[in-house]
Amino acid sequence: MKIKNILISQIAPADFEKSPYADLKKKYCISMDFYKFFKIHSISGIDFRKTKINILDHTAIVFSSTTTIDQFFMLLKELRIEMPYEMKYYCMTDMTAHYLQKYIPYRKRKIFFGKNNNPSHVFDLLLKNKAHNYLIPCGADSMGTQFAEFFEKHNIKYTQAVCFTTEPADIKNNIELEKYDMIVFFSPAGITAFKENYPDFVQNEMAFGAVGLAACNAVKEAGWKLQVEAPTKEHPTITSALEVFLKEYATRRR
């Protein structure tokens, strides 16, 4: 397996040259293209009210991604809801937790995440705080995620709140898939979109990377081999995980 061209299923960083991706590109003489595999459509306040979910009935909120955070707080703004000071927030990773600073003041007693950048540790935190009534903001295609399964298993009170829907992008007519040696996925929605665009896809020598527990599980459930996973205790970011992988499989390096 040799890696020269990588497709990142995400929007390119605003300042690519200052990003860790640029460092990898230069160090390993690889090509990187960015293309988001799906489009996001926000749920309107009118439609959300039809669900009869009262956000303020809950005492803690669980976030699995920055996309979900953005969509949830956009919905709050439309609904004219202000989150109470005592609300607790549980996040899969410290990156997601710190992203919350975009919307709320960051305080350790309010925001919790898995230690050592290990997403599985957040479940230990949830188990220690079973008394909360949890809200899980999610996309329409993310119902029944690992959080819901966990709460069901341990008889913890929760509600799933759909804040957005996704629509597969037209990948096959905009991307020359055959030119890539590796694809990095960031969500189950991206994997669903990929399968819809390429229903007969066979992985063969194509390498896959994935970010987040849900995306990693979705790759494996599709029957594909996953070569690179993040975040983990050893590799808190996808770029640090790619660094190790490319040391062995990049076609060349400076």
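Helix α8 (residues 213-221) lies across β9 (182-185), β10 and β11, at about 145° to β10. Contact means heavy atoms within 4.5 Å. Axes are lines fitted to C-alpha atoms, for helices over the stretch in contact; angles run from 0 to 180 degrees between N-to-C directions. Helices (H or I, at least four residues) and strands (E, at least two) are DSSP runs, numbered from the N terminus.

This is a predicted model: local features need pLDDT of at least 70, side-chain atom pairs count only at pLDDT 80 or more, and totals for chains, interfaces and linings use all residues. Residues are numbered from 1 along each chain as its sequence is written, and side-chain values use heavy atoms, with hydrogens and water left out.

The sheet is open, with five strands in the order β2-β1-β9-β10-β11 and parallel pairing. Two strands pair if DSSP finds at least two bridges between them. β2 (31-34) and β11 (228-230) are the edge strands, each pairing on one side only. Twist averages 15° from one strand to the next. Three bridges join β10 (residues 207-211) to β11 in the parallel sense. Val211 has Ala230 of β11 as its bridge partner.

## Six-stranded sheet

A mixed open sheet has six strands, ordered β3-β8-β7-β4-β5-β6. β3 (38-42) and β6 (111-113) are at the edges with a single partner strand each, so one side of each is left without a neighbour in the sheet. Here the twist averages 25° from one strand to the next.

β4 (residues 60-63) and β5 (residues 88-91) run parallel, joined by four bridges. Ala60 pairs with Lys88 in β5 as its bridge partner. α5 lies across β4, β5, β6 and β7 (134-139), running at about 150° to β5. Helix α7 (residues 188-197) also packs on the sheet, touching β3 and β8 (158-168); its direction makes about 35° with that of β8.

## Helix pair α5 and α6

The axes of α5 (residues 121-128) and α6 (residues 146-153) come within 11 Å and cross at roughly 40°. Val122, Phe123, Leu126 and Leu127 of α5 meet Gln146, Phe147, Phe150 and Phe151 of α6. Seven of these contact residues are nonpolar, one is polar and none is charged. Ala, Val, Leu, Ile, Met, Phe, Trp, Tyr, Cys and Pro count as nonpolar, Asp, Glu, Lys and Arg as charged, and the others, Gly among them, as polar.
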